[in-house]
Amino acid sequence: MGNKLSGKDLIKLGFPKNNSINIALGQINRYRKREKKESILTEAKEVLLHPEKFEGNGTWGKVAEGLINPVQVRMHQMKTTRAPFTIFGENEIDQQAKFQLYDSLKLPISVAGALMPDAHSGYGLPIGGVLATDNAVIPYGVGVDIGCRMSLSIFDLPASYFKGKEHQLEAILKDNTKFGMNEVHASRVDHDVFYKSEFQDIPLLKNLLPKAYKQLGSSGGGNHFVEFGIAKIENPENEWKIGVGQYFAVLSHSGSRGLGANIAKHYTYLATKQCPLPKNVQHLAWLDLNTHDGQEYWLAMNLAGEYAKACHDDIHRRIAKAIGKRVVVTIENHHNFAWKEMVNGQECIVHRKGATPAAEGQLGIIPGSMTAPGYIVKGKGNAESLNSASHGAGRLFSRAKCKSTFTQSEIKKVLKAHEVTLIGGNIDEAPMAYKDITKVMANQTDLVEVLGTFTPKIVRMDR
């Protein structure tokens, strides 16, 4: 008896000669290959005899599903008509983004859709796209950076706190933030999120735990940032401990780091295998929430969202500690995620890929660019937008176009004119790469009420 488990071993046990054997071998080779063959065969025998006991199990759940109720893999036909949708700020949105939304609305699982005024073409769903589906989740409808979010901390300090402290504040940003693939904090901290059962129960997540622990409190590359600025409050909420005025604040934008990226990659692959679609919409492959993989992705996605929040909380904690002051108001929201929500009286999975949740009374922050204000908003609960709003100004130029269009000296001039200090940042994040946020906001007055603004002053990004 060789030490490597084979299909023949499983057939000998009595496994049916179907895909359940391939599934079992795939799971074992991926997650259990260091274990003794005998102990795996003993477990496999138990799964074969009592598959119902193993439903939802990390290693054997998928095998049990293959024995009880196998996932039907078949080519799905697109509908000939689109599900109902609304586009906000239509004249400011490129055709490609609209076509991507139209394609997604013809999926047999689509219930309704919307396009936000900052929308531009993406991968799968367009950025700024919102899609409600029936009991199915599209990994690329959430995106690669699961739980990418905004977090704004307002201190009970006047805006004048900046005066004479610019160098000190720059040093605080440099010392307390880490960016990109390689930078991590020297002093690691523990967090409740690492003790969630998903990190033990789902083998993929168990393997990613050390990386997640290492990257806590760091930010990604690209358009992610941590910045000091001025929060101007025009219309405070009752529970806020501050009134109308201008305050010192910190705003961060980042997601779930390597954890989310690996989850997205793994489950997108599974979705494309289980849900064959015509080539032009293959990126919109979905996982049925009644399947093992659908349930597992849902748990993993929610964990990545909690981890993204934990990263922001850690960044803000470090900065507040360095400043030596307490945060009085925090406003935060995801903008790459999926939620269970009611749409026209039906429970749906609402995907927001680059869109801010804007249910009635829900608070959020919509950033501009490093030289344009962001907006503190309260949702109006507009059903046509599926309770959503834009997640920023939206790109006017692609990253590649920025590199061939702008120069570092042009960027420096624009930053100087707006009195903004930039630490790091590449040409592809030039302030000029973005649409006019005031136009975007004018196109969503039916979606959100503006409570205040945030104007960046010292910005830190990846180099």
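Two residues are said to be in contact when heavy atoms of each lie within 4.5 Å. The structure described here is a predicted model, in which local features need pLDDT of at least 70 and side-chain atom pairs count only at pLDDT 80 or more, while totals for chains, interfaces and linings use all residues. Residues are numbered from 1 along each chain as its sequence is written, and side-chain values use heavy atoms, with hydrogens and water left out.

By this criterion, and not counting residues up to four places away in sequence, Tyr 267 touches Pro 139, Ile 202, Leu 204, Leu 287, Asp 293, Glu 296, Tyr 297 and Ala 300. Tyr 267 is also among the residues with the most contacts inside the largest nonpolar core, together with Leu 205, Ile 263 and Tyr 297. A nonpolar core is a set of buried Ala, Val, Leu, Ile, Met, Phe, Trp, Tyr and Cys residues joined through side-chain atoms within 4.5 Å; buried means under 20% relative accessible area, exposed over 50%, and partly exposed in between (1.4 Å probe, protein chains only). This core has 55 residues. Elements that each supply at least two of its residues include helix H9 (203-215), helix H10 (257-274) and helix H11 (292-323), where helices (H or I, at least four residues) and strands (E, at least two) are DSSP runs numbered from the N terminus. H11 gives the most to this core, with nine residues.

The axes of H10 and H11 come within 9 Å and cross at roughly 160 degrees. Axes are lines fitted to C-alpha atoms, for helices over the stretch in contact, and angles run from 0 to 180 degrees between N-to-C directions. Angles under 35 degrees count as roughly parallel, over 145 as roughly antiparallel, 65 to 115 as roughly perpendicular and the rest as oblique; H10 and H11 are therefore roughly antiparallel to each other. Among the residues making this contact are Ile 263 and Tyr 267 of H10 and Tyr 297 and Ala 300 of H11.

The axes of H9 and H11, by comparison, come within 12 Å and cross at roughly 10 degrees, so these two helices are roughly parallel. Their contact is made by Leu 205, Ala 212 and Gln 215 of H9 and by Ala 300, Leu 303, Tyr 307 and Cys 311 of H11.

Elsewhere, Arg 460 is found in strand E17 (residues 448-461) and counts as buried because its relative accessibility is 4%. Arg 460 and Glu 170 are 290 residues apart in sequence and 8.5 Å apart in space, C-alpha to C-alpha.
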